[in-house]
Amino acid sequence: MLDLIAELSPPAPVPRAKALGPISLLRVLAKNPLEAWTSSHFEKPIVISGLSIGRVAVVNDPAAIRRVLFDNCENYQKDWLQRRVLSAGLIGGLLTAEGSNWRMQRRALAPLFARKTVMNFSAAMMDVANGLVERLGRRQGEVVVDIAVEATRVTLEVLERTIFSDGLGRASEDIRLAMKSYFDTIGRIDPFDMLGVPDFIPRPARWKLRPALRVFESAIDTIISTRRARIASDPDNAPRDILTFLLEAADPETGASLSEAEIRANILTFIAAGHETTANCISWTLYLLSQSAEWSQRVQSEADRELGGPLDGLADRLVLTRAVIDETNRLYPPITAVSRVAIGRDELAGELIKPGTMVVIAPYVVHRHRALWAKPDKFEPNRFLGAARETIDRFAYLPFGVGPRICIGATFAIQEASIVVAAIVRNFRLEMVSGCTPWPMQKVTLRPKDGLPMVLGRRSS
Ligand code: HEM
C-alpha cells in the first residue's frame with residue numbers, strides 16, 4: 001500500500017478565494033456548510049460579516065476563543081440556531097439547558113462520565129467491538145463494507161449497552177427503528193432555520209419526526225419506570241449503568257435530583273450527542289489509517305500487543321491509536337463549529353463585538369488555521385505524541401469544545417473509539433474501494449458523504 005498521506009492531504013474542500021453572495025451562501029449552507037469557508041477564515045484571527053441571520057463573528061484567535069468559552073463565557077449564550085437545530089426532543093437536557101438549570105444538571109451528571117465510571121464501561125465497549133469483528137469476519141473472502149454504517153451501528157449499540165445494560169425490553173426492534181428515524185430527521189438542517197423563519201411556521205422535517213419521537217419517548221418512559229421499581233425493590237442488584245446513575249443523580253450542592261422529564265431528555269441527549277459524533281470519529285480514523293501504511297502498521301502492532309491484556313486501563317495503553325484519533329478529530333472534527341450569541345458588548349481579537357452578534361468557533365477552521373499549525377492540512381499523528389503534544393495551545397485544539405460547556409462525554413468517546421479502532425485494525429486490513437474518495441459533508445456532524453465503502457481482508461496473523 002502506498003503511503004498516500006505522506007504526499008497528499010486528506011480530502012477537504014479548497015477554501016474559496018471570495019465570500020459567497022447571500023443567495024449562493026444559503027444554497028451552500030443547506031448543502032454542505034464546509035464548502036462555504038473562505039481563505040481568510042483560515043488566515044485571520046477573526047472574520048466578521050453581516051448575514052441574513054445577523055452579524056456573525058468567526059473567531060480563530062486562541063486568546064479570543066478562551067475569552068468566549070472560558071473567561072467571559074457568561075456573556076456568550078448558546079444561540080437560537082444551534083438550539084433550534086438540536087433541540088427537537090432534547091429540550092430540558094444538558095446540551096440545551098442554560099443558566100442555573102444547566103449548572104445543577106452538569107454537577108449532577110458529572111459523575112456519570114467521570115474517568116472511573118467510564119473505565120467501567122470498557123468491558124461493554126470491548127464486547128460490542130468484538131461483536132462487530134465477528135459479524136464482519138463471518139463474511140467469506142474480501143468483502144466491501146460501508147464502514148460508516150458499521151461505525152454508526154457500533155456506537156448506537158455501545159450507548160444501548162451502557163445506558164440500558166439490561167436491554168431495551170420487548171419492543172427493542174421498534175425502539176431501534178424509531179431511534180433511527182428520529183436521528184435521521186434531526187440530522188437534517190432545515191433551510192427555514194438557516195433563513196431565520198420564526199418557530200411558529202411548521203417545519204416539514206419536524207412533522208416526520210413526531211411519530212418517531214412519540215414511540216421513542218413512551219418506550220423510554222416504560223424503561224425508566226420499570227427500572228425505578230427494580231431499584232426500589234432490590235437496590236443491590238440493579239444494573240450499574242447510565243440509567244441507574246441518572247435515576248440516582250443528585251446535585252452535590254443542593255441535593256436536588258433530576259425530574260422525570262430531565263431524565264428522559266438526557267437519555268435522548270446522550271444518544272443524540274454521542275452516537276453519530278463518535279461514529280464519524282471512528283469512520284474517519286479508519287479511513288485515514290487505510291491511507292497510511294506506516295500508521296496502520298504502528299496501530300496494528302499496538303493492538304496486537306495490548307488487546308490481549310487486561311481491560312483495566314486499556315484505552316490508556318493505546319497511545320498510538322489515540323494519537324491517530326486525535327489527529328483525525330483535528331482534520332475531521334465531528335462537530336465542525338459551535339456558536340454563541342453575545343449578550344453584552346465585548347472585544348475579541350481587537351474587534352468590537354456588539355450585543356446580539358453570533359460568535360462562531362469552528363474547530364474545523366481553527367484546526368486547519370495557517371497561523372496555528374504547521375502543515376495544517378496534512379495527516380501527522382506525531383503532533384499528538386510526547387513533547388510535541390505539549391506545544392499545542394489548549395484553545396487551538398477543541399474537538400470537544402472547551403470551558404464549562406466542554407463535552408461531558410469526551411472520555412467516553414475517546415475510550416470507545418480507541419477500543420473499536422484497535423479491534424478492527426487488529427483483525428482486518430482496510431482498503432478504500434478503488435476509485436472511491438470520501439468527501440467530508442456537514443449534516444449537523446461531519447460525515448463521509450456517500451459513506452465509506454471499504455474492502456476488508458482478514459489479517460492472517
Ligand atoms: C467524538 C465524539 C464527540 C464529539 C466530537 C463531541 C463534541 C462535543 C462538543 C464540541 C460539545 C460542546 C458544544 C458547545 O460548546 O456548544 C459537546 C457537548 C456535549 N456532548 Fe459531546 N461529543 C462527542 C461525544 C459525546 C458523547 C459520547 C456524549 C454522551 C454519551 C456526549 C454528550 C455531550 C453533552 C451532553 C454535551 C453538552 C454538555 C454541556 O453543555 O454541558 N458527547 N460535545
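1. How far apart in helix α13 are Trp284 and Tyr287? They are 3 residues apart, so about one helical turn separates them. This is a predicted model, and the points below go through its aromatic pairs and its ligand site.

2. Start with the aromatic pairs. A search of the whole structure finds 9 of them. One is formed by Phe121 and Phe412, and it is edge-to-face. Their centres are 6.0 Å apart, with 70 degrees between the planes. This pair links distant parts of the chain, 291 residues apart. Phe121 lies in the loop between α6 (115-119) and α7 (122-137), while Phe412 belongs to helix α19. Both Phe121 and Phe412 are buried.

3. Now back to Trp284 and Tyr287. Their ring centres lie 6.2 Å apart and their planes meet at 85 degrees. Edge-to-face requires an angle over 60 degrees, so this pair is edge-to-face. Trp284 is buried, at a relative accessible area of 0%. Tyr287 has a relative accessible area of 5%. The limit for buried is under 20%, so Tyr287 counts as buried too.

4. Phe121 and Phe412 also belong to a cluster. Together with Phe113 and Phe270, they form one aromatic cluster.

5. Two arginines sit over tryptophan rings. Arg298 lies over the face of Trp295, 4.2 Å from the ring centre. Arg330 places its charged end over the ring of Trp373, at 5.2 Å from the centre.

6. Next, the ligand's iron atom. Which protein residue donates to it? The single donor from the protein is Cys407, through SG, at 2.3 Å. Cys407 lies in the loop between α18 (386-390) and α19 (410-427).

7. There are 29 residues around the ligand. Those that come nearest are Trp102, Arg106, Arg340, Arg405 and Cys407. By class, the shell has 18 nonpolar, 7 polar and 4 charged residues.

8. Where does the shell come from? Helix α13 (260-291) gives the largest share, 7 residues. At least two residues each come from α5 (99-109), α13, β5 (338-342) and α19.

9. A polar side-chain atom of Arg106 is 2.7 Å from a ligand oxygen. For Arg405, the distance from a polar side-chain atom to a ligand oxygen is 2.9 Å. Lys78 has a side-chain N or O atom 3.2 Å from an oxygen of the ligand.

Note on methods
Residues are numbered from 1 along each chain as its sequence is written. This is a predicted model: local features need pLDDT of at least 70, side-chain atom pairs count only at pLDDT 80 or more; totals for chains, interfaces and linings use all residues. Side-chain values use heavy atoms; hydrogens and water are left out. Donors are N, O and S atoms within 2.8 Å of the metal (3.2 Å for Na, K and Ca); water is not among the atoms, so sites may look incomplete. Helices (H or I, at least four residues) and strands (E, at least two) are DSSP runs, numbered from the N terminus. A residue is near a molecule or strand if one of its heavy atoms lies within 4 Å of it. A polar contact is a pair of N or O atoms within 3.5 Å; within protein, one must be able to donate a hydrogen and the other to accept it, and residues adjacent in sequence count only if both atoms are side-chain atoms. Ala, Val, Leu, Ile, Met, Phe, Trp, Tyr, Cys and Pro count as nonpolar, Asp, Glu, Lys and Arg as charged, and the others, Gly among them, as polar. Rings of Phe, Tyr and Trp (its six-membered ring) pair if their centres lie within 6.5 Å; planes under 30 degrees apart count as stacked, over 60 as edge-to-face and the rest as tilted. Buried means under 20% relative accessible area, exposed over 50%, partly exposed in between (1.4 Å probe, protein chains only). A charge sits over a ring if NZ of Lys or CZ of Arg is within 6 Å of the ring centre and within 35 degrees of the ring normal.
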